[in-house]
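Subject: Structure handover

Hello,

Here is the structure I promised to pass on. Please open it alongside this note; my findings follow below.

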Amino acid sequence: MHTRPTTDDGSQFLTQLGQNTTQPASPEEARLERVPAPERGRHYVVRFTAPEFTSLCPVTGQPDFAHIVIDYIPDEWIVESKSLKLFLTSFRNHGAFHEKCSVQIATTLVDLLKPVWLRIGAYWYPRGGMPIDVFWQTGAPPEGVWIPAQDVPGYRGRG
């Protein structure tokens with residue numbers, strides 16, 4: 001078994017990083033973990049991009065695909081990335097509409113991290129010939145913080 005040296009960065013309390021971890025069967029079973037933000041008192045943006053997000057249509061059971069971009073400004077906590085990856089992939093067998101999946105991801109992170117600011121851009125590939133994009137944020141970001149554009153192009157089909 002791999003052991004990490006004891007540090008004061010909060011990583012000694014993580015249960016998944018550096019360990020063999022079973023993929024959670026659902027978002028409710030997934031365990032998001034956090035560690036203290038290393039730059040408390042500074043406003044900076046952390047971005048996670050999941051270009052191959054998958055969930056299931058709750059009606060047909062067919063797979064749905066999205067390009068998810070999560071931006072947040074930490075306060076006291078940052079999310080541990082392996083736990084976030086496991087959380088996001090736990091949606092693979094989860095049946096919910098695009099809007100529910102997108103906002104559930106964002107609000108779960110807000111509940112865990114209590115960030116200064118968070119937004120999600122969920123760029124869903126077409127279902128029934130129509131892409132559905134979902135955007136949500138906690139409010140206006142603080143002044144003076146550079147918030148980069150998400151730069152995910154809109155769906156263009158064959159054109």
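Leaving aside neighbours within four places in sequence, Gln-150 is in contact with Arg-47, Val-69, Asp-71, Arg-119, Ile-120, Gly-121 and Tyr-123 (contact: heavy atoms within 4.5 Å). Two of these partners also meet the Gln-150 side chain through polar contacts. Gln-150 lies in the segment after strand E6 (133-137). Gln-150 counts as buried because its relative accessibility is 13%. Buried means under 20% relative accessible area, exposed over 50%, partly exposed in between (1.4 Å probe, protein chains only).

A note on the source: this is a predicted model, where local features need pLDDT of at least 70, side-chain atom pairs count only at pLDDT 80 or more, and totals for chains, interfaces and linings use all residues. Residues are numbered from 1 along each chain as its sequence is written, and side-chain values use heavy atoms, with hydrogens and water left out.

Now the whole chain. It has two helices and six strands, in the order β-β-β-β-α-α-β-β from the N terminus. Helices (H or I, at least four residues) and strands (E, at least two) are DSSP runs, numbered from the N terminus. Of the 159 residues, 40% count as buried.

Next, the sheet. Four strands form an open sheet in the order E2-E3-E5-E6, with antiparallel pairing (two strands pair if DSSP finds at least two bridges between them). E2 (46-56) and E6 stand at the edges with a single partner strand each, so one side of each has no neighbour in the sheet. The twist averages 15° from one strand to the next. Nine bridges join E2 to the antiparallel E3 (residues 63-73). One partner pair is Thr-49 with Val-69 in E3.

Helix H2 packs on this sheet, touching E2, E3, E5 (117-124) and E6. Its direction makes about 160° with that of E5. Axes are lines fitted to C-alpha atoms, for helices over the stretch in contact, and angles run from 0 to 180 degrees between N-to-C directions. Buried residues of H2 include His-98, Cys-101, Ile-105 and Leu-109. Just after H2, Lys-114 takes a positive phi of about 50°.

Best regards
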